[in-house]
Each structure stands twice: as C-alpha cells, then as structure tokens.
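Here is a short walk through one structure, taken step by step. Keep the sequence and the 3D view at hand as you read.

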Amino acid sequence: MEFGTRKAVAQLLVMQPALSASGQKGCGSKGGSGKSGCGSAAGQGDLSPEIWEKVKSHPCYSEEAHHHYARMHVAVASACNIQCNYCNRKYDCSNESRPGVVSERLTPEQAARKVLAVASNIPQMTVLGIAGPGDPLANPEKTFKTFELVTQTAPDIKLCLSTNGLMLPEYVDRISALNIDHVTITINMIDPEIGAKIYPWIYYNKKRYEGAEAAKILSERQLLGLEMLTERGILCKVNSVMIPGINDHHLAEVNKAVKSRGAFLHNIMPLISAPEHGTVFGLAGIRGPTAQELKALQDSCEGEMNMMRHCRQCRADAVGLLGEDRSDEFTTEKVMEMDVHYDLEIRQAYQEDVERQRAAVVAARNEELKTLAGNESDISILIAVASKGGGRINQHFGHAKEFQVYEVSTSGVKFVGHRRVDNYCQGGFGEEESLETVIRAINDCVAVFISRIGNCPREGLLKVGIEPVERFALEYIEQSSLAYFREYLERVRSGEVEHKQRGDADIRQGALITT
Ligand code: CLF
Ligand code: SF4
C-alpha cells in the first residue's frame with residue numbers, strides 16, 4: 001500500500017473517535033431454519049463461510065458488527081401501496097423519527113452521489129439500504145435504478161432492501177439478479193383478522209382492498225415472497241412491530257411461520273405511538289410495550305430462531321452507526337458541494353483495522369469469561385452503557401442520547417436492547433427533568449457504565465439504586481460487564497449487596513424507525 005493511502009487511513013481513524021479509542025469489538029443463523037450465534041455471540045460461530053461473509057460487516061444482521069460498521073439509507077421510494085395504522089408519512093421533523101419520516105426525497109442519481117459522498121467520508125459505511133419513506137417495491141424503477149448506479153460506482157457496498165412484501169413475489173428475480181442479498185420484510189401477522197386491525201387497506205393489482213380481505217392478500221404475498229427469496233439463498237430478516245393488545249400474543253406464531261420459511265433473523269420492534277404523531281394508533285391511545293414486555297417476547301421467541309435486539313428503528317434517510325444519525329452532514333446541497341474521492345483501497349484498509357479492533361474485543365471478552373468459570377448462580381443483572389461505538393465505554397453520562405443495555409449472568413454477556421433518552425447535559429447544564437427520563441429508561445438496570453458523570457446525576461442515580469460506574473472508562477463493554485458481574489456476585493455473597501429484582505423501564509415513544 002502506498003504511504004499516501006496509509007496516511008489517509010490514519011487520518012480517518014483519528015476522525016472517527018468511536019473506532020480509534022486505542023484498540024478495539026453476530027447475528028447469525030443458517031439461511032434455513034436453524035439458530036446459531038446471534039446476540040453478542042462473537043465471530044463466525046457455526047455459520048457457513050458464505051453466510052458469515054454476508055453478515056460480518058452488516059450492522060443490522062450482526063449485533064457485534066453494529067458497534068463498528070455503519071449503514072445509510074437513501075429516501076428514493078416515496079409511494080406506498082398499503083396503509084399501516086402506525087405510520088404517518090406526512091410527518092417530517094429531523095428530531096423525530098418514525099416509519100417513513102425523512103427530510104429530503106432523492107432521485108436515483110442524487111442518491112447514488114450521496115452514497116459515494118458518504119462512502120468517501122465514512123469508510124466503515126458498508127451497507128446501503130432502501131427503506132422508504134414509502135415502500136421500495138411500490139417504487140420499483142427508482143429503487144432498482146439506485147441500486148444499479150451504486151453497484152457500478154461503489155461495488156464493495158452491500159445492498160439491502162426493506163419492504164412490506166406486497167409486491168415482493170414480482171421482484172424476487174430482479175432482486176436476485178442485482179445481488180441484493182439482504183431483504184427485510186415487515187410481517188406483523190399471519191391471521192387476517194388481526195391484520196384487519198393493523199392495515200385499513202392495501203392497493204393491489206389496481207384495486208383497493210380493505211379489512212381481513214386486504215390482510216389475507218398481504219400475508220399470503222409476504223410469506224410467498226419470503227419463501228422465494230430464501231430458496232434463492234438471499235438472507236431475509238423479518239421485522240414485526242409489537243402492538244400491545246393487537247398482535248403481542250400472536251407474534252410467537254409469526255415467529256414460527258417465518259422460521260419455517262427460512263428467515264435468518266427476526267426483529268420484534270416496539271410500537272412507537274403518541275397522539276402528536278397523528279397515526280391511527282397514536283390518536284387512539286394504543287400504547288407501545290414496556291421494556292420488560294418487549295424483552296419477555298423476544299426471549300420467548302429466541303428458542304426458535306435468532307432475534308435482533310439492536311434495531312434503532314431508523315429514519316428512511318439515516319446515515320451512520322446504528323444509534324447515531326449523521327444525515328445532516330449529507331444533505332443534497334452539501335453533497336453537491338463535496339469533493340468526493342471514493343477510494344476502495346482506503347476503505348478496505350480501514351475495514352481491516354476495524355476487524356483487528358473487533359478481534360481484540362472478542363479476545364478480551366473471552367479472557368474475562370474464563371474468570372467466571374465455576375461461579376454458578378441464578379442471578380442475572382442488566383447494565384446500561386454509554387457508548388459512541390467501537391464496543392467501548394466511551395461516552396459521558398450527560399452526552400448520551402441512548403444507553404445500550406446488556407444482560408450479564410454466569411453464562412455470559414449479551415446485548416438485550418437500547419434505550420433512547422433526552423441527553424442530560426443541555427448546553428452545559430444538567431436538567432432534572434432529563435434525569436428523571438433517563439432513570440425511567442434504565443430503571444431495570446443495576447448499574448450504568450459511563451466515561452464520566454457529574455455529582456448531581458450521580459447522586460440522583462444512587463438514590464434509586466442504580467450504581468454509576470466510571471472506573472471502566474474507555475474499556476471494552478463486554479469485558480467490563482463480566483468483571484463488574486463477578487464483583488457483584490462477591491458483594492451479594494458477602495452480604496454487602498442485596499440482590500433484588502428491579503422494576504420495569506420505559507421505551508421512549510418518539511424514537512427512531514424505518515424498515
Ligand atoms: Fe437499513 Fe434495514 Fe437494511 Fe439495516 S436498517 S434497510 S436492514 S441497512 Fe437496521 Fe434500522 Fe432496524 Fe432496519 S437498525 S430499522 S433493522
Ligand atoms: Fe407504507 Fe411503511 Fe408506512 Fe406501512 S410503515 S404505510 S409499509 S410506508
């Protein structure tokens with residue numbers, strides 16, 4: 001490699017604090033109906049080399065990858081052919097992210113240029129997704145044209161598509177021919193009576209259908225499309241929105257149905273619902289699930305197949321690591337003025353460094369795990385972590401806009417979700433109200449790991465029994481969680497700490513969404 005290239009990589013590493021903090025951190029299953037290393041299980045596990053190659057740098061298909069690799073969406077698909085009661089695509093606010101919400105709609109040409117601009121500036125951006133703001137397959141020409149243009153100019157970028165599935169069977173061959181090897185289908189029901197409560201209408205074959213008839217057609221098309229894709233070896237993820245009182249008890253059946261048709265991953269997401277969103281569910285007062293309700297459903301389905309728990313329900317124009325949104329840096333106006341230098345060599349060199357960092361995270365975690373050997377206990381705890389990425393505890397309490405939540409027990413450590421919050425530090429001052437929302441969001445955790453925290457929030461957290469922990473600042477999350485857990489068990493055994501079941505926690509309504 002030329003010196004100039006090495007220098008460029010070094011500069012990029014300096015520019016990306018999330019990845020460069022001195023060192024370094026899958027989802028997976030077989031394409032068929034199997035289950036293997038997902039959640040925070042690291043590395044290839046029992047995945048075939050072919051599948052591993054597809055998932056290892058996809059931030060949605062691998063939990064481990066999401067700490068290191070970014071995705072971007074381009075909002076080229078405006079129209080939709082169905083109506084979901086949790087969606088209102090008229091809403092457009094950059095502080096608010098729900099299905100279909102975007103700031104700008106792009107032509108395929110604008111989108112392709114934006115992809116190049118992002119790829120040049122964010123070398124860990126490995127995936128281009130088209131996820132809206134409507135349905136990509138209700139806008140097939142714009143969607144496929146965008147993918148074609150990107151394949152020609154940035155061949156190392158993985159292509160990803162997210163659809164409601166209504167038109168999927170028609171386009172499976174085109175998807176396959178374009179090497180789009182990741183497809184998400186949102187499947188919220190397999191029972192048309194339940195579907196009628198979620199979908200007021202669909203528009204199919206130039207005709208509008210309503211009620212259970214509409215839901216029946218949609219469900220048949222979704223399941224047929226899923227089968228056709230998996231037969232062709234395309235990795236499929238199924239997203240399901242958990243809607244308390246409507247499909248929450250039905251999603252276990254959906255899980256079985258999609259598993260039997262070869263889905264790779266199931267992502268059960270919380271309904272995001274508030275009256276100000278103007279959605280049917282929001283206006284009707286249908287609430288989203290609590291953190292414990294969501295986790296219980298995900299846990300119950302986990303025995304059946306791999307569950308995705310790190311979804312950030314992103315906007316249809318999101319850019320960056322999951323959990324961050326850098327779309328403001330890449331508006332059409334800014335992209336048109338940017339000097340774009342797409343350099344495959346720089347990108348590959350950067351990603352090789354990421355892989356080294358990632359291997360170091362896994363090695364540190366495995367070493368720490370050994371120290372728990374022989375420590376049998378029924379206790380498991382949740383720990384909240386402030387992280388900017390790279391698998392490290394590298395964020396100040398007051399700057400965190402989300403906390404990642406890990407479950408730790410003597411069997412190991414796994415990522416179980418994230419909680420979005422209003423950041424505590426507003427213009428240099430802490431906000432009492434924000435502290436309350438943070439506490440409600442991580443109320444089920446025994447500790448919060450941060451790089452730093454001020455005295456006021458520290459005292460507020462201690463008062464409600466959440467221990468703020470700074471001593472692992474800049475260390476690896478999983479290794480530190482296991483070390484803390486070992487000490488916690490010792491404190492419980494010595495009587496210093498009484499282990500109690502903690503209460504439930506809120507999932508913030510008004511958080512991110514798309515696929
Ligand atoms: Fe985008 Fe979706 Fe592809 Fe990922 S998002 S099209 S699979 S690249 Fe990912 Fe965002 Fe969750 Fe979607 S975190 S909403 S699951
Ligand atoms: Fe269409 Fe997606 Fe909105 Fe449903 S959530 S109405 S599929 S854009």
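Predicted model: local features only at pLDDT ≥ 70, side-chain atom pairs only at ≥ 80, totals over all residues.

Start with helix α5, residues 140-153, and helix α6, residues 168-177, which pack at an angle of about 10° with their axes 11 Å apart. Angles under 35 degrees count as roughly parallel, so α5 is roughly parallel to α6. Their crossing is right-handed. On the α5 side, P140, E141 and F144 make the contact, and they meet Y171, R174 and I175 of α6. Sorted by class, the residues of this contact comprise four nonpolar and two charged ones, with no polar residue.

Now stay with α6 and turn to helix α8, which covers residues 211-231. Here the angle is about 20°, and the axes lie 8 Å apart, which means that α6 is roughly parallel to α8 as well. The crossing of α6 with α8 is right-handed. From α6, the contact draws on L168, P169, E170, V172 and I175, while α8 supplies R221, L224, G225, L226, M228 and L229. Eight of the residues in this contact are nonpolar, one is polar and two are charged.

Finally, move to ligand 2, which has 11 residues around it; C80, C84, C87, R89 and P133 come nearest. In the shell around ligand 2, seven residues are nonpolar, three are polar and one is charged.

Methods: Residues numbered from 1 in each chain as written. Chains lettered and ligands numbered in written order. Heavy atoms only, no water. Axes fitted to C-alpha atoms, helices over the stretch in contact; angles between N-to-C directions. Helix = DSSP H or I, 4+ residues; strand = E, 2+ residues; numbered from the N terminus. Parallel < 35°, antiparallel > 145°, perpendicular 65-115°, else oblique. Left-handed = near helix turned anticlockwise from the far one by under 90°. Contact = heavy atoms within 4.5 Å. Nonpolar A, V, L, I, M, F, W, Y, C, P; charged D, E, K, R; others polar. Near = heavy atom within 4 Å.
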